[in-house]
Structures are given as structure tokens and as C-alpha cells.
Amino acid sequence: MRIRTDDEVYRVDAVWLGPPKATFPWRARYVAWLVGIPVFLLVLTTERWAGWSFGFFSTAWAFVATIVITRLITAKISHERPLGAVTAMAAKELNTPRERTTGTGGAASASRVRVRASRPLPKHRRRRQYQYDGYGGGAGAQGTPRARRSRPAAQAGR
């Protein structure tokens, strides 16, 4: 037993052949007319923007370009993928964030690197550079660092 699907109904294109008793020599779907007319206007606008004058040959080339662009667009449109879905997909594709192939920032600079006159000693060979004087106050000699104020007196005197 063979089960027939309704695919034949969807395979029939909604085609406008032209006015009654004066049909066009080509078949064009309604969606092709819906896409083709704005594409033609865009192609004409682009030609004028590029500096081409309005004439027979420029309009003929606009028709040729419109037919090619319309065929490319309508090749993606079917009953399973309508014009609205193709338009939404194109908009999402154009607005999707892309991976950045170039690095951000400029050249590296050593302007914030601190430079000292003496070389630092390893951790196990470091000595205390100051003595705790028992008061919470200042340092003993000029140029030696102060003790931290947040330490209790018992820990600071070790």
C-alpha cells in the first residue's frame, strides 16, 4: 500500500503569468516579484550613486543584475524556508559577533616597571633592614622603611 503525502500541494509554485490573455513568456513566483522590484530599485540607486547616467544600456544592465540577484535570493526560498525566515537568518548572520583575529592594545611599554639600583636578594638570604625601636613611631635611620602599623607590638619585635 502506498501512502501519498501532500508534498505536491507545496511543490506547486504560486506563479503569476501576467494579465489575462496577455501572459508573460516566463514564469515568476510571487515571491520573486516581491524580491525583484526592491532589488531593481536598489540596483538603479547604486548605479546613480556610482555616477552612471540614466539611459537604455544602464537600465538594461540594471535588469540583468536584478535578475541575477533575484535568482540567487529566491534559490534559498521555498515552502519549507519562507522569505521571512531567510530575511531573519540573513539579519542574524550579519549582526552576529565575530571572533576577533587581531589583538587589542598597542605595543608593550616598560614605563611602569620599577627599576632599583641594587639587585634583590633571594628569600632565604634577606635580612631585616630595620630594627624595631619599641615605639610605634618612626624609623631609625633615614631611608630605612617604617614598620607596619597594623602589626601588634609582640609580633613586630620578633
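Thr66 sits in helix 3, which spans residues 56–74. Helices (H or I, at least four residues) and strands (E, at least two) are DSSP runs, numbered from the N terminus. The model is predicted: local features need pLDDT of at least 70, side-chain atom pairs count only at pLDDT 80 or more, and totals for chains, interfaces and linings use all residues. Residues are numbered from 1 along each chain as its sequence is written, and side-chain values use heavy atoms, with hydrogens and water left out.

Thr66 counts as buried because its relative accessibility is 8%. Buried means under 20% relative accessible area, exposed over 50%, and partly exposed in between (1.4 Å probe, protein chains only). Leaving aside neighbours within four places in sequence, Thr66 touches Gly36, Val39, Phe40 and Val43. Contact here means heavy atoms within 4.5 Å.

Phe40 also takes part in ring pairing. Rings of Phe, Tyr and Trp (its six-membered ring) pair if their centres lie within 6.5 Å; planes under 30 degrees apart count as stacked, over 60 as edge-to-face and the rest as tilted. The count comes to 2 aromatic pairs. Phe40 and Phe63 are stacked, at 4.7 Å centre to centre and 15° between the planes. This pair links distant parts of the chain: Phe40 lies in helix 2 (residues 30–50) and Phe63 in helix 3, 23 residues apart. Phe40 is buried, with a relative accessible area of 17%. Phe63 is partly exposed, at 46%. Phe56 and Phe57 form an edge-to-face pair, with 5.3 Å between centres and 80° between the planes. Phe56 is exposed, with a relative accessible area of 64%. Phe57 is exposed, also at 64%.

An unreviewed UniProt entry lists residues 30–46 and 52–73 under "transmembrane region". UniProt positions follow the numbering used here, feature names are shortened, and annotations may be inferred rather than shown by experiment. In the model, residues 30–46 are 100% helix and 0% strand, with end C-alpha atoms 25 Å apart. Residues 52–73 are 82% helix and 0% strand, and their end C-alpha atoms lie 25 Å apart.

The chain holds 5 helices and 2 strands. From the N terminus, the order of elements is α-β-β-α-α-α-α. Of its 158 residues, 13% count as buried. Among contacts between residues at least 6 apart in sequence, 32% join residues at least 24 apart. The chain exposes about 14900 Å², with carbon and sulfur atoms supplying 59% of it. Accessible areas come from the Shrake-Rupley method with a 1.4 Å probe; for residues, only the protein chains shown count as cover.
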